[in-house]
Amino acid sequence: MRTDVVIVGAGIIGAACAREAARAGLSVTVVDRGAAASATSARGEGNLLVSDKAPGPELDLALLAADHWPGLAAELADELGGAFPDIEYQRKGGVVVATTPEGAEPLRAFARRQTELGVEAADLSVPEALELEPHLDPAVAAAVHYPQDAQVQPVIATEALLASARRAGAKILPHSEVVGPVRDRNGRLGGVRTAAEAISAGAVLVAAGPWSGEVARTLGADLPVRPRRGMVLVTSRMRQRVFHKVYDADYFGATQSSDEGLQTSSVIESTPGGTVLIGSSRQQIGFDDRLRVEVLARIARKALRLFPFLETTSAIRAYGGFRPYVPDHLPVIGEDHRDPGLWYATGHEGAGIGLAGVTGALIGAQLTGAEPALDPRPFQLSRPSLAAHLSPGGPT
């Protein structure tokens, strides 16, 4: 088989890249060792956040994404029609809370830095916070409202992007594991081999989430992406008592930490189905997916600091997943400077759902030579902050 671009990974990042490349006129083949939208994209909360991004390249990307998602959601709805499920895009806004007096001023200072760069954020008094979230613990010390925060149903959004990519000519090949590269006599990458066939391609894009490091090694390259596990509790259905995405200010510190040990913070939100999602945790334990009751207990205890009513609420299930962690906490989006023809769209950790659309747009622009919407250099593998984590040579 011959294609312009072969994308390894049929999660939301791979789906968004496939849609952009196919709509730009490239022939696209997506391969995944499992079913589409069945791994990391099926294990998250659907966060589309600007509130947790510090000033810098990721915030720039998140602000672009916040502007991009409403149009993307409308395009998908118009293109796929009423027969396709709603992706449940909601610009519900976020409320970030400091639960202690010591945390109040750092939260406010962080918000002030963000507003200087275009983030919409409003410092709230406790009575104002209770107007937005009447069931919030009135003992909280401070709160900030972020109207730009939003949410989608991540599995449906992934399937919608793949459906749109198919309509533009992309081929999706589930249950097709990459087992090696296709290289020419000079060693240049020219495609991938799956268990069933060789697929020749001008570009190979690795978008395999936390498995991207493994896929890169299979193709003869090193990529510093490894898994970081998280867990979420799901309550029984109830009348809506949580109206925004509400989380404690510890969450940002957890996202930026390089600690391999367990870290938990409260992230709570309702779904259109009436359940409440309660997270979150971060832990580097490889691909160990065993249920860890002690992690769920810590998540539950912290959630009560924000919403005491949850003490009498039943949890009906729990699930875990793996985020693609990169040591400098930035995604890798672009071509491997050591191995022409090898591209990456991965390493978004917990922000992959929110940043999927703009990541696809960045990849599409770079593949076709179009002008990208923002400078892609901070996301390239060759950035100085990753130099210590890479081997200097090319393919092995």
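This is a predicted model: local features need pLDDT of at least 70, side-chain atom pairs count only at pLDDT 80 or more; totals for chains, interfaces and linings use all residues.
Helices and strands here are DSSP runs, numbered from the N terminus.

Start with the backbone. E88 sits in the loop between α2 and β4, the strand at 94-98. Its phi is near 60 degrees. That is a positive value, and E88 is not a glycine.

Next backbone point. Which peptide bond is cis? The one from G279 to S280, with omega near 0 degrees. S280 belongs to strand β15, residues 276-282.

Now a helix pair. Take α1, residues 12-23, and α5, residues 154-167. Their axes are 8 Å apart, and the packing angle is about 25 degrees. Angles under 35 degrees count as roughly parallel, so α1 is roughly parallel to α5. The crossing of α1 past α5 is left-handed.

Who makes the contact? On the α1 side, I12, A15, A16, A18, R19, A22 and R23. On the α5 side, P154, A157, T158, L161, L162, S164 and A165. By class, this contact has ten nonpolar residues, two polar and two charged.

I mean the second largest pocket, with a volume of about 370 Å³. Its lining takes 20 residues. Which of them lie nearest the centre? Q153, T271, L277, R317 and Y319. Two elements give two or more residues to this lining: α5 and β16, the strand at 315-325.

How many cavities of 30 Å³ or more does the structure hold? Two. I will take the second largest cavity, at about 90 Å³. Its lining has 14 residues. Nearest the centre of that cavity are L48, L49, A65, A66 and W69. The elements giving two or more residues to this lining are α2, at 57-80, and α9, at 352-368. Helix α2 gives the most, with four residues. Of the cavity lining, eleven residues are nonpolar, two are polar and one is charged.

To recap by element. Helix α5 packs against α1 and also gives residues to the second largest pocket. Helix α2 gives the most to the second largest cavity, and the loop from α2 to β4 holds E88. Strand β15 holds S280, at the cis bond from G279.

Notes
Residues are numbered from 1 along each chain as its sequence is written. Side-chain values use heavy atoms; hydrogens and water are left out. Axes are lines fitted to C-alpha atoms, for helices over the stretch in contact, and angles run from 0 to 180 degrees between N-to-C directions. Angles under 35 degrees count as roughly parallel, over 145 as roughly antiparallel, 65 to 115 as roughly perpendicular and the rest as oblique. A crossing is left-handed if the near helix is turned anticlockwise from the far one by less than a right angle, and right-handed if clockwise. Contact means heavy atoms within 4.5 Å. Ala, Val, Leu, Ile, Met, Phe, Trp, Tyr, Cys and Pro count as nonpolar, Asp, Glu, Lys and Arg as charged, and the others, Gly among them, as polar. On a 1 Å grid over the protein atoms alone, a cavity is a set of points where a 1.4 Å probe fits but cannot get out, and a pocket is an open set with protein on both sides within 12 Å along at least five of seven lines; lining residues have an atom within 4 Å of a point. Grid points are joined across faces, edges and corners, and a volume is the space filled by probe spheres set on the points.
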